Structures are given as C-alpha cells and as structure tokens.
Amino acid sequence: MGSVDVEAEAAKKRSDVVEWLNYLFPDFNLPLEASDEELRALLLDGFVFFGILGRINPSYSGEIQGGEFVPEKRSDYIRGFASAVDQMGLPCFKFLDLEQGSMSSVVMCLLSVRDHIISSNGNDGIQKSLAKSWNRPSDSWRSLEADNLEGVDIRQDEQTNGDQNSSRVVDETNQNDRQLKFQLSMLSTITSEPTTPLSSNAVDKFHEVFQLKQGRYSDLPASKISEMMKSNSLESAPTQSLLSVMNGILDESIERKSGEIPQRVACLLKKVVQEIERRISTQAEHIRKQNNLIKARERKFQSRIRALETLASGSSEEAKIIMDKLQYVKDLKASSESIKDEVLSTKQRWTEEFSSLGKKLKVLTDAAENYHVVLAENRKLFNEVQELKGNIRVYCRIRPFLSGENRKSTTIDYIGENGELLLVNPFKQGKDGNHSFKFNRVFGPAATQEEIFLDIQPLIRSVLDGYNVCIFAYGQTGSGKTYTMTGPNLSTKEDWGVNYRALNDLFNISRIMNSSQPNGLAVPDASLHLVNSTSDVLELMQIGLANRAVGATALNERSSRSHSIVTVHVRGADLKTGATLRSSLNLVDLAGSERVDRSEVTGDRLREAQHINKSLSALGDVIFALSQKSSHVPYRNSKLTQVLQSSLGGQAKTLMFVQINPDVKSYSETFSTLKFAERVSGVELGAARSNKESKDIRDLMEQVASLKGKMARKDEEIERLQLLKDMGNQSPENGKER
Ligand SMILES: Nc1ncnc2c1ncn2[C@@H]1O[C@H](COP(=O)(O)OP(=O)(O)OP(=O)(O)O)[C@@H](O)[C@H]1O
C-alpha cells in the first residue's frame, strides 16, 4: 500500500471518529475532514473521554455519575478512559500520543470503542448505555407527550423488544434527544449550577416541564407536579428552566385573566421561586465571597504595589543619595582643584619670598660675618692695648656640673661673647643679687680643652720670641684648675690640659737646646732636666704629679694639696742675625683656695690648707701691691710669689685662668674668686719685653765682660803687688803676726 493510500486510510478513519463524536456530542459540529491536530485539540480537554467513560465502564460510572466535568481533572478522565478500554481488551493509546504523538493510535482506540459499543448494544448501544448510566427509567419516557421524546420511547420500546434494526427516523430522534441531554449537561458544567450534580432524572423531569410550550401548567396532573417537587428535582434544575417554569405559570395566569392559579401549580411556583431565591442568595453569598476574595487579592496587590512603590521610591532615594554623593564628590574635586591651585600659588609666593628672604639672609650673614670680623679685630686690638699696658689677662672658665650636683641651681646667669659674666646671688632677689664682671674671655661649661688651648696658643708661642710667659690657674678647690692645666687624665689627647698641649706645641715648632747651666732656681730641691721631646716632658710631669700631694676633701675627691709649677726655659739663637733669646714659660696650677669649714679638713689637711691659704694670700698681697702700683711689692712673703716674681714683676706676659664652680653652694667662694680675678685683670705690669739680644750688643757685652775680667785681673795683680810691697816694708816682728 502506497503512502497516499495510507494517508487516505488514516483520514477516512479520522473522519469516522469525527462523525461518531459529532453524533455523540452534536455541539461539537466538527468538520469530517478535521485534521489530526483539530481532533487532538478537541480531545485534549478530556470532555469526550469524561462523556464516554461513565457509559463504557460500570466501575467508573458511580464516580462519574452525579459528578460534573472538572477541566482540571482532564488527565484523570483520559487515563480512566484508557484504563477502561484496556480492561475491555480493546486497543488503547498512550497519553503521550494524545498530547503530542501520532493520532492514529487514538483514532484506532476510539473506533474500537465505537465498534465495541455498537456490537454489544446494536446501533442504539450507545444511546442505551447513556440512558442506563443516567438511570433514566424507560417507562417514564412513555408518559411524556413531547414528539421527540415519544420517538425515544418508540426506539426504547423497540430496543426492549430486541429490535436491532432501528429506523432512520428513530435515529434522528435519538440524536436530538442526546443533543438536548448534552446541552443541559454542558450548561450545568459551564455555569456551575446547580451546585448539586445534575442528575439525568432531574433533567428529564424538567425537560418534560420545559417542553410544555404548547401545553398548560394548570393542566398538569397533581401527581406529576408533586412528583417533581418530591424528587428534589427543583434543586437540580438549571436556573434557566426554573425561570421558564415560573414565567410559563405567570404567563398562563395572565392569559387566563382570572388571576387564579391552581393550588398545585401555585405550590410548584412557590417552590420554584424559593429555589430561585435560594440560588440568588447562594449566588449573592458566592459573589460576596468572590468579592472578599477579590478585595483580599486587591489588598494583596495593593500591598505589593506599595512594596514596589517603596522599592521604586527607595531606589529613587538611593539614586538621590548617590546623586548627592556624586555632587559632593564633584564639589570636593572642585574644591580640591581650587586648593591645589591655591597651594601652587602659595608655593610660588613662598618660593619668591624664600628667595628674597634668602637674599636678605645672605646680606645679614655677610653683615654678621663682618660683625664677627670686626669683633675679632676689636678683641685683638683690645688685647694689643692690654699687652701694651701689660695687663694680666684673665680668662674665666666655668666648669660643668658634676654628677650628683643640682644642675638647676646655678649662679651663672649670663655669659657674653666678649668676656661678660653675670653672677646671680641666690640669696638676694632683684638687682642687688646680680653682679656683672668683665674678663678677657669667659668659657662656659661646654668649652673643650682644645678651644681653651687654641685661644692661648699665640701667648705660649711668644715664648719662642723671647718673652716670659706665665699662665696660672686660680680658683676655689674643686673648680677645675687641674682639669684646665693638666686634664682629667692623660689617656686621651682630647683631655690634655694646657701643660701638655703647650709643650707639645713648642716641641712641634722648635728644638730645645740643652742647657746644663744652672739658672739660679729659687726653689730648693728643684731640679733641672734636659728635655728633647713632648714625651720627655710628659715623663717628667708624671714624676712631678706623683710627687704632688693629693688628698680627698669634702669639696674635691682628688684635691691638689700643693701648687704645681711647670717651668720651661727656652734659649734660642737666630742663625741669620746671630741674636740670642732666653725666655721661660711658667705653667702654674695653684692649690685651691678653700674655706676650711666647708672642706671639713683637720690635721695634716688643715695644716696644708693653712699653708695654701697663706701662699694664696701672699699672691693676693702681691697682686694688690701691683694693682696699687706700690713701690714695694712683697714677693718674698711666699715661695709661690717668689717663683712667679719674674712673671708678675714686669716684662712678662701673664694670663690667669680663674676657675668657677657654678654650683649655688659655692656662691660666696665664686664671688670672692671673681672679685680677686677682677683685681688681677686690673694689674698693669707694663709692656712686655723680649729677652732677645742682638749680636752687637752681645759682642759689646762680651768685650765689656772681657774688659771687666782684664780689669779684675789687673786689680788682683795690683792688689797682689801692693800686698808684696806691704810685706817687704814690715819688721821681722810683723812677720810673726802673720
Ligand atoms: N671643664 C671640665 N669638664 C669636666 N669636668 C671638669 C671640668 N673642670 C673640672 N672638672 C672636674 O671637676 C672636678 C674638680 O676638678 P679639679 O680637680 O680640676 O679641681 P681643682 O680646682 O684642681 O681642685 P683642688 O684645688 O681641690 O685641687 C674633677 O673631677 C674634674 O674632672
């Protein structure tokens, strides 16, 4: 068989099925040439299977009977139908085929069902089956007067009689009958009323009433009306039918004009009206519920709308915040730009100001440098004036606080660059407590040994020009005299005091010639040693230090209990001119002046203190006499002043370090020390004189000396001759006397 034939065969079968369905469900009115898809669309809602199922499967009939078509149960109907067909041993289809597969299995199944019904019930099998399933009592049909129902009755009778060959007229009648039943059923399904399932019986009853178009209600027998009312059929009747009944009765009553309605019809009318009222109230309740439901839904939707609005407004607020922030950022950016511009312009301004300030600063620096140059010049001139006058130079040095001393309690208020010093009396307030002094220089606690030495270096070097130089340190015990003149120890060069530095310097610039000639030292037990280098001197000084009496007092742990004097004799000769020079450098570290009550010394220490104080007071007397330009200067009152006589007595360059302990407790000693120093600085020794002798003078001197020698020898000769002459003139007795 060709494909065309197959398709034609399938179309034929499909049209058979459509024809059958049209027969069962006249409302469908499907065209016979309907396509597979049109047929599928019809079958998929399940109504066809719902209609047929109750009639082919008795076990389903109870379920279907009295039930109404529920579209949501369509798959149950389809499956129920398929299962019933299966049980009947007929070819079935799969649900999937109906949904989207080939319709041929569905068509085959329906045709088999059709054939099965026809073969088991004859041509009217289906009608019989439907009537049976709706439980219609066959005899009730007979009593109805309507033509079409009569037809049914006839057919029914014929069926009952087992007549299998029904006439064409009967078929048509059956078709109309089925059409009506399905119309009612569908009306019930669509309007969902009555609420109770529409039984075939009720439908039939109302069909009877409804069909009374030409008849009159008043003619209905009482038994028929009471039967209608008894069987609860009103409750099952469609509202439309009830309204028809009511209208019919009322029309009839109007027609008769008598206004009378027979009692039984009135009862029916009342019942019908009650039923309509009930339905209206049910509908009203239903509508109310629907209304509530709708309202609830509306509320729900409104709350959703509100939520959405909130969301929308929220998002618009957020958008606003973001916009604000954006604006803020823009503003910030703008202000940062303007700040940047301002910073740049300020920077520019500052750069200009800085450069102009720099220029001014340069001018100031130059001026300051000039000022310092002028200052240094002034100092030099002042020193020269001093030198011409022969003043004793006074350098004041303030030692730093030692550990254990209170740094805040200082008596030193101010140290000027030009030797000014302001001393404050801690026990007196105001101006009375202030004492200002002026020295050649004042070194503060931070001054180093190097700085001190550099300042006095030219003075020391003048020794090599034939000047006598004396440097001595004066001050109360523990004020730093030894530190300045010698240093705390000899381990490091930085700590070296004036002594070592001076000698080192002298050796660095000259050679010192041997001098074995005694120079008339004024101090007994003093010895003169030849030195050729700094180390020779250091060695000698170590011996001297070891010999020096040192003891602990309450004011100084290592107090020097003696004066230390290092004298360097210098002799030189100018090789060009032949001039010679002789000079001496006295480096004196005096023993400390002390108040024996404060130093708490007794015994030997006390005796030492008394000696020390005696020699220092002798020094004070000498200084006083010199400052007063007295004719008599008491050098010989102590060995100290005797040693220093050549330095203090004129023609020497003398410098005194006046040492200060800044501690408040030492105020009175500091004050008297400074007073003494002030007096020393006022002493004019006269212009220093170099001990250089030119060659001519020396030659003359030598000639004078040799002449003197010759003269002396002549004198001796004369004396001897005179003596011999006198001896020659004396008697032998004179010779005895001798
Ligand atoms: N400029 C200074 N820097 C640091 N320490 C110093 C200074 N001057 C003095 N000292 C310290 O102060 C203490 C006393 O100093 P120093 O022995 O030199 O005093 P002095 O005047 O020689 O005393 P005395 O008359 O009793 O011998 C020492 O410990 C010393 O090291």
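Is Gln476 buried or exposed, and how many other C-beta atoms lie within 10 Å? In this predicted model, local features are described only where pLDDT is at least 70 and side-chain atom pairs count only at pLDDT 80 or more, whereas totals for chains, interfaces and linings use all residues. Residues are numbered from 1 along each chain as its sequence is written. Gln476 is buried, because 24 other C-beta atoms lie within 10 Å, the cut-offs being 20 or more for buried, 12 or fewer for exposed and anything in between for partly exposed, with C-beta atoms placed from the backbone.

Gln476 is found in the loop between strand S6 and helix H18 (481–485), where helices (H or I, at least four residues) and strands (E, at least two) are DSSP runs numbered from the N terminus. Gly475 belongs to S6 itself, which covers residues 468–475, and is likewise buried, with 28 other C-beta atoms within 10 Å. Beyond residues up to four places away in sequence, Gly475 touches Lys481, Gly592, Val658, Gln659, Ile660 and Thr673, a contact being a pair of C-beta atoms, placed from the backbone, within 7 Å. An unreviewed UniProt entry lists Gly475, Gln476, Thr477, Gly478, Ser479, Gly480, Lys481 and Thr482 under "binding site"; such positions follow the numbering used here, feature names are shortened, and annotations may be inferred rather than shown by experiment.

The chain holds 27 helices and 12 strands, and buried residues account for 29% of its 738 residues. With neighbours within four places in sequence left aside, Met656 is in contact with Ile392, Val394, Phe472, Tyr474, Ala677 and Val680.

Helix H19 (residues 498–509) has 12 residues and reaches 16 Å from its first C-alpha to its last, close to the 16 Å expected at 1.5 Å a residue, a span taken as 1.5 Å times one less than the number of residues. Val498, Asn499, Tyr500, Arg501, Ala502, Leu503 and Leu506 are buried in H19, and the buried residues of this helix pack against helix H17 (449–461), S6, H18, helix H20 (534–547), strand S9 (564–573) and strand S10 (580–589).

Key. Contact = placed C-beta atoms within 7 Å.
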